[in-house]
Amino acid sequence: MNKRTEIARRIADEFASCGIRLVASLPDNWINPLIDLIGRDKRFTHVPVNREESAVGLCSGAFMGGTGSVALMGASGFMTLPYAITKINYTYEIPVFYVITLRGAVGDPNRHHVSNALYLRRVIDAIDMSCTIVDKPEEIPMVSRAYRHSRNFYRSSLVALTRDLLR
Amino acid sequence: MKYLDCFRFLAQRRTDQLVVTSAGNSGQAWWAATADTEASFYLDASMSLSTMFASGLAIALPQMRVWTFMGDGAFCMNPGALMVERDLDLPNLTHFLISNRRYGATGNAGLPNQQRNDYAAIARGMGLTRVFGFDNLAALESGFDTAVLTNAQCYTFVVLEVEPFTDAEQKLPHPPFEGPEIKLRFGRHIERVTKRNIFGYEFKGHHPA
């Protein structure tokens, strides 16, 4: 098992361990192995969605039905979400758990992610989203801890996965 | 058909379905027709996410039937959601597309391509098979049971052609609740009906010590 597959397996195990059963996803090269794995994993209902806002709606409805979920996406997709998050998650106090890639951070060689480099963290801060950065394999257990924290406090939260972890 | 007449008819035919409304007019009309404070989630101004919200609910609660309203203004913002709904093909979900050819919640501003949009054809083009359309009350009354109340084995999409709200109807009250109250009323109803634990602790009718 190569490193990327092993990391994906461990993150999927974290999802399952805290009661996540529904995964709404959009692709990003860094997390595609994780998405592929989840798509084959019988512990999850995997829903590839058409755009990131749809993941917000889907996971919010799943919460109201008592099903644990995660919205899994790239950083650029997350940057399209402030209205949906503040409108649904914050107005109704429906917690949704987001796992994204930390594009644009130190170590990202892709210059086209300059907008994420400049603004992703600031946008997360601007909407007061609880953010946990997972940068090393030994930090992967923070995924389920962040999920449980979100459910305990009825507030949305976010885990950002770094390139060093995923590549 | 008249928007409110259509919704009054839907309210008469509803039994135990959970309902998710879309922005503005459908929330106002459903509130006017039902005054439901428990089994309806008034998802205000989500800009196209009512059917995805309802899909998550329907996945989580396969034993419950879910109705969801989406205005065609919202549909214009996120038609690709229908692709996801087709993939999911949830037999316990009915999507009512409320077509008034306007952005009703913003003063009946016109939609792009408003006269040519054929929502049923768009749905069929995405592979939906249970697609129905009604543009008058008599047709809705005669076709409703076949379209909606049958125990279908797949997801159902219903286009309802209605007249835009009049100026007087635009002043109909919105459901008088803040977001967290809507969440709690709706969630408690689901807990009572399904015995599922939505909020992580049991409500026993008194404040916890």
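1. The second largest cavity is lined by B:Arg86, B:Asp89, B:Leu128, B:Thr129, B:Arg130, B:Cys154 and B:Tyr155. A cavity here is a set of points, on a 1 Å grid over the protein atoms alone, where a 1.4 Å probe fits but cannot get out, and lining residues have an atom within 4 Å of a point. The volume of this second largest cavity is about 30 Å³, a volume being the space filled by probe spheres set on the points, which are joined across faces, edges and corners. Its lining comprises three nonpolar residues, one polar residue and three charged residues. In this division Ala, Val, Leu, Ile, Met, Phe, Trp, Tyr, Cys and Pro count as nonpolar, Asp, Glu, Lys and Arg as charged, and the others, Gly among them, as polar.

2. The model is predicted: local features need pLDDT of at least 70, side-chain atom pairs count only at pLDDT 80 or more, and totals for chains, interfaces and linings use all residues. Residues are numbered from 1 along each chain as its sequence is written, chains are lettered from A in the order in which they are written, and side-chain values use heavy atoms, with hydrogens and water left out.

3. In total, two cavities of 30 Å³ or more are found. The largest holds about 60 Å³ of space, and its lining includes A:Arg4, A:Trp30, A:Pro33 and A:Leu165. Helix H1 (3-17) of chain A gives the largest share of that lining, four residues; helices (H or I, at least four residues) and strands (E, at least two) are DSSP runs numbered from the N terminus. The lining divides into nine nonpolar residues, no polar residues and one charged residue.

4. Turning to the interface, 27 residues of chain A and 35 residues of chain B take part in the contact, where contact means heavy atoms within 4.5 Å. About 2400 Å² is buried between the two chains, 66% of it from carbon and sulfur atoms; buried area is the accessible area (1.4 Å probe) that two parts lose on being put together, summed over both. A:Met64, A:Tyr92 and A:Tyr154 supply 28% of the area that chain A buries against chain B, more than any other three residues.

5. One salt bridge is counted between chain A and chain B. A:Lys87 forms this salt bridge with B:Asp44, with the closest N and O atoms 3.8 Å apart; the criterion is a side-chain nitrogen of Lys or Arg within 4 Å of a carboxyl oxygen of Asp or Glu. On the side of chain A that touches chain B, helix H3(A) gives the most, with nine residues.

Conventions
1 Å grid on protein atoms, 1.4 Å probe; cavity = no way out; pocket = protein on both sides within 12 Å on 5 of 7 lines; lining within 4 Å.
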